[in-house]
Amino acid sequence: MEITSSASPILITGAGKRIGLALARHFLAQKQPVIISYRTRYPAVDELEQAGATCLFADFSTNQGIEQFALNVTQRCDGLRAILHNASAWLPESSHSSHAQTLAEMLQIHVNTPYLLNHLLEPLLRGGGHSSADIIHFTDYVVERGSDKHIAYAASKAALDNMTRSFARKLAPEVKVNAIAPAMIMFNEHDDIEYRKAALNKSLMKIVPGEQEIVGLVNYLLNSSYVTGRTHCVDGGRPLR
């Protein structure tokens with residue numbers, strides 16, 4: 001099921017590659033206005049711009065950068081159909097950087113950025129009536145199980161997961177707020193055969209479903225008038241292994 005196209009754009013953070021890029025391509029194909037953020041100007045950003053997306057540089061590593069991005073969005077539209085918080089980083093605990101720095105960077109991108117953007121852009125989400133707008137936070141299945149090699153990452157995604165319920169309470173009934181918690185959705189080009197086999201064996205379903213699995217779920221959430229404050233796991237049954 002496709003969403004009904006809206007004159008108000010869907011904002012997707014970090015849409016220059018992978019799932020964010022797939023979502024942007026999907027909505028543009030439906031003639032839905034799209035605004036994306038990017039920090040690195042991947043070739044796909046040029047493609048999206050040529051297809052009609054509004055592509056805005058964003059540096060979410062500082063609060064000033066977040067505030068500037070929000071200002072740029074408000075200058076380009078007077079309403080938003082949805083915010084999809086896809087921008088992310090995956091830093092492990094490492095001897096090459098301090099634990100304090102790793103934690104600060106993970107909290108900045110996964111907690112400070114969506115927290116501030118939700119507040120700063122709230123006026124653009126309101127005013128359309130009951131369940132007329134959406135916020136979707138992209139978390140991770142490791143929120144439930146933790147991660148010994150990505151402790152700060154998992155903790156920051158857990159904070160984002162909790163924020164989903166708080167913003168759902170704050171913004172209802174005009175704005176629905178949900179989270180999507182994926183596990184392995186797509187391989188990287190450089191992933192070798194042994195890694196791919198091991199990854200497939202971690203889930204009950206034994207597949208890597210591809211980005212359309214997320215696109216379909218996003219469509220469902222945007223079309224719903226009743227689902228809010230929930231985390232939707234897309235993990236192939238990994239927690240049951």
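Colleague: Quick one. Which residue stands opposite Ile83 in E4?
Modeller: Leu11 stands opposite Ile83. Keep in mind that this is a predicted model.

Colleague: How many bridges join strand E1 to strand E4?
Modeller: Three bridges join them. E1 covers residues 10–12 and E4 covers residues 82–85. The two strands run parallel.

Colleague: What order do the strands of the sheet have?
Modeller: The order is E3-E2-E1-E4-E5-E6-E7. That makes an open sheet of seven strands, with parallel pairing.

Colleague: Which strands stand at the edges?
Modeller: Strand E3 (54–57) and strand E7 (231–234). Each has a single partner strand, so one side of each has no neighbour in the sheet.

Colleague: And what does the twist average from one strand to the next?
Modeller: The average is 15°.

Colleague: On to helices. Which strands does helix H1 touch?
Modeller: H1 (residues 18–29) packs on the sheet and touches E1, strand E2 (34–38), E4 and strand E5 (133–138). Its direction makes about 160° with that of E1.

Colleague: Where does helix H4 lie?
Modeller: H4, residues 99–120, lies across E4 and E5. H4 runs at about 170° to E4.

Colleague: New topic: the surface. Which residues make the nonpolar patch?
Modeller: Leu204, Met205, Ile207 and Leu240. The patch is about 450 Å².

Colleague: Where does Leu204 lie?
Modeller: In the loop between helix H8 (193–200) and helix H9 (212–223).

Note on methods: Residues numbered from 1 in each chain as written. Predicted model: local features only at pLDDT ≥ 70, side-chain atom pairs only at ≥ 80, totals over all residues. Heavy atoms only, no water. Pairing = 2+ DSSP bridges. Helix = DSSP H or I, 4+ residues; strand = E, 2+ residues; numbered from the N terminus. Axes fitted to C-alpha atoms, helices over the stretch in contact; angles between N-to-C directions. Contact = heavy atoms within 4.5 Å. Patch = residues over 30% accessible without salt bridge, like charges linked within 9 Å, V, L, I, M, F, W, Y side chains within 5 Å. Areas by Shrake-Rupley, 256 points an atom, 1.4 Å probe, with all protein chains shown as cover. Salt bridge = Lys/Arg side-chain N within 4 Å of Asp/Glu carboxyl O.
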